[in-house]
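Subject: Structure handover

Hello,

Here is the structure we talked about. Please open it first, then read my notes below.

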Amino acid sequence: MKNVAIFYASKGGVTKDFAEKIASKINADVINIKDVEVKALEDYKNVILMSSSYFFGALCEDWGSKVKLLHTVDFTNKNVALVAVGSCERHADSFCSGVADFYDKLANSGARFIGFVNAKDYNYTFSRLQFGNYLRALCLDKADADKNDERINKWVENIKHFLA
């Protein structure tokens, strides 16, 4: 079994760029979900699911029907981290909410979720990812380039020991 992969969907390339940046820090494979079957997730011990969030909390369309097939993968004892790309400014009322679909599908799958971040580090009014004082995913804001590198570095440090 391979160690770490980032499965992503990207419409304009921003999410892909973030995936590659994160992968370089944790030695992960980077896989565009549109190029593989969902069963490819079974080949990895640690899985990062990543997507941009569109409109009012929709996943990138390349995840489409594949999200509905996540239940066919055995996530027992897998570490799963979520990464969302969105915009606080344009979608403060649904910030990165599309990625919550991953959590909803896998909440009872046996997966061990890692990589929650402090919600106070963001300026939004609502997100389906919020759980108490935390967001269930690393959220990257396309318009907040100055903070993205810092957020990625802090998040990577927090999850690295799970990926060993």
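The largest cavity holds about 40 Å³ of space. Please keep in mind that this is a predicted model. The structure has one cavity of 30 Å³ or more. Ten residues line the largest cavity. Nearest its centre are Ser 53, Gly 86, His 91, Ser 94 and Cys 96. What classes of residue make up the lining of the largest cavity? Six are polar and four are nonpolar. No charged residue takes part in that lining.

Why look for such spaces with a probe? Rolling a probe the size of a water molecule over the atoms shows where empty space is left.

Now stay with Cys 96. Cys 96 sits in the loop between β5 and α3 (100-106). Is Cys 96 buried or exposed? Cys 96 is buried, because its relative accessibility is 2% and buried means under 20%. Its backbone deserves a look too. Cys 96 has a positive phi, near 55 degrees, and is a residue other than glycine. Most residues other than glycine have a negative phi.

Asn 77 also has a positive phi, about 65 degrees, although Asn 77 is not a glycine. Where is Asn 77? Look in the loop between α2 (64-68) and β5 (79-86). Asn 77 is exposed, because its relative accessible area is 64% and exposed means over 50%.

Next, the largest pocket. About 220 Å³ of space lies in it. Two elements each give two or more residues to the lining of the largest pocket: β7 (117-118) and α4 (145-163). Which element gives the largest share of that lining? The answer is α4, with six residues. The lining of the largest pocket includes Lys 147, Glu 150, Arg 151, Lys 154, Trp 155 and Asn 158. Also in the lining are Phe 116, Val 117, Asn 118, Asp 121, Tyr 122 and Leu 138. By class, the lining of the largest pocket has five nonpolar, five charged and two polar residues.

Last, the surface. Which residues make a nonpolar surface patch of about 310 Å²? They are Phe 116, Phe 131 and Tyr 134. Phe 131 lies in strand β8, which covers residues 130-131.

Best wishes

Note on methods
Residues are numbered from 1 along each chain as its sequence is written. This is a predicted model: local features need pLDDT of at least 70, side-chain atom pairs count only at pLDDT 80 or more; totals for chains, interfaces and linings use all residues. Side-chain values use heavy atoms; hydrogens and water are left out. Helices (H or I, at least four residues) and strands (E, at least two) are DSSP runs, numbered from the N terminus. Buried means under 20% relative accessible area, exposed over 50%, partly exposed in between (1.4 Å probe, protein chains only). On a 1 Å grid over the protein atoms alone, a cavity is a set of points where a 1.4 Å probe fits but cannot get out, and a pocket is an open set with protein on both sides within 12 Å along at least five of seven lines; lining residues have an atom within 4 Å of a point. Grid points are joined across faces, edges and corners, and a volume is the space filled by probe spheres set on the points. Ala, Val, Leu, Ile, Met, Phe, Trp, Tyr, Cys and Pro count as nonpolar, Asp, Glu, Lys and Arg as charged, and the others, Gly among them, as polar. Patches are made of residues with over 30% relative accessible area and no salt bridge: like charges are joined within 9 Å, nonpolar side chains (Val, Leu, Ile, Met, Phe, Trp, Tyr) within 5 Å. Accessible areas come from the Shrake-Rupley method with a 1.4 Å probe; for residues, only the protein chains shown count as cover. A salt bridge is a side-chain nitrogen of Lys or Arg within 4 Å of a carboxyl oxygen of Asp or Glu.
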